[in-house]
Amino acid sequence: MMGQSLTTSRRTASIFLTISCAVLGCAPRVGTPSPVAASPAVARIPAAILADSLFWRTLHAGAYDSIPRAMVAMKAAYLQDPADAQTAAHVAFLHAWRIAERARLQRTSPAITDEAILARRYYDQSIAHERVYDARIHGFDAVFRMVEGDIHHDPALWAEGLRVGREAIVAWPEFNWFTIGYVLSTSPDTSVLFREGLEMQWKTVNSCGRTTVDRSNPTAEAALAALRTEADPLRMRACTNTWIAPHNMEGFFLNMGDMVVKSGDWRAAQKVYALAKGAEAYPSWPFHDILSDRIRDAERNVGEFRKENAPLMFRSSFSCSACHQAAR
Ligand code: HEC
């Protein structure tokens, strides 16, 4: 009985793969897919490796318009091997990017909200197949639960997202203080949650620099010096510019500056924005103009950023690219 139903479901899966590949144009896998238990699937299928290389080229180029092309490759790989946690995560990141930088679209359709639902679904899928707890994926999964909670006016889902997010913070604070605090940047400026989100950014700076920065006169020299000898790889990855996020530091301070402006302290915010200039890769960062406008307009933006749907970095056309786009 067992064997028979397994065979049937395998055959169904095989037919489904063939159909979806016929539609999507991927190379159908030859033979019967193995049951999950028998395939540790440590090795990735070639389609996943190829799709990943297109994925990274697209993200590092900030080529938002090429998301559909990368998505076809990524999803074709996913259909061949849905148990590959990295493939599932990258499908999710493409959906996440599409909704996050929707300001780039000439016209935004209300249907863009489906991207959040799909992102969350694929992050869940990635988590279901993860071999080790990846706090980054859990952090993004949490954020998209919160976004979905907003879409459906479902406070319980939103709260569940924040709860999962807090767990992810414990696992990798320097990465997830930013991630969870970033979504809280859109909470009302007078709210406890906005204050907490801003506090998370200060905690990141303090922890990355193993120091306590002066909030009215923040400088980065001590932090940069500390990072030069930092031995903890998780801190290095979350706190510095890397291959994955070539302008992580610049993007981080751009968002933090926005949050400090929104809190009302625009003079301190100007100094926070300026910290982006201390990053070694700053000369090749594609967003110099945005940064100088933010510094110039800091005082005026206090009112702007407190409005509903304010043009904070979180809602901007560079909400991912500020950190992930390598150069123009
Ligand atoms: C403040 C900078 C910053 C912003 C903004 C940001 N990221 Fe990241 N991102 C990072 C850092 C840092 C990492 C972790 C680097 C590491 O793992 O070594 C990361 C990791 C990733 C990864 C790596 C996953 C993997 O498989 O290794 C992807 C993909 C990604 N981010 C996509 C996005 C998308 C999409 C957005 C927008 C919704 C975004 N990021 C916003 C800094 C940022």
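The largest share of the shell around the ligand comes from α4, which supplies six residues. In this predicted model, 21 residues surround the ligand. Ala100, Arg237, Ala245, Cys320 and Cys323 are the closest. By class, 13 of the shell residues are nonpolar. Six are polar and two are charged.

The next residue considered is methionine 313. Methionine 313 lies in the loop between α15 (298-306) and α16. Methionine 313 has 23 other C-beta atoms within 10 Å and therefore counts as buried, the cut-off being 20 or more. Phenylalanine 252 is 61 residues from methionine 313 in sequence. In space, the two are 10.0 Å apart, C-alpha to C-alpha.

The protein as a whole was then examined. Its secondary structure comprises 16 helices and zero strands. The protein has 328 residues, of which 39% count as buried. Contacts in the protein were also sorted by separation in sequence. Among those between residues at least 6 apart, 59% join residues at least 24 apart.

Methods
Residues are numbered from 1 along each chain as its sequence is written. This is a predicted model: local features need pLDDT of at least 70, side-chain atom pairs count only at pLDDT 80 or more; totals for chains, interfaces and linings use all residues. A residue is near a molecule or strand if its C-beta atom, placed from the backbone, lies within 6 Å of it. Helices (H or I, at least four residues) and strands (E, at least two) are DSSP runs, numbered from the N terminus. Ala, Val, Leu, Ile, Met, Phe, Trp, Tyr, Cys and Pro count as nonpolar, Asp, Glu, Lys and Arg as charged, and the others, Gly among them, as polar. A residue is buried if 20 or more other C-beta atoms lie within 10 Å of its own, exposed if 12 or fewer, and partly exposed in between; C-beta atoms are placed from the backbone. Two residues are in contact if their C-beta atoms, placed from the backbone, lie within 7 Å.
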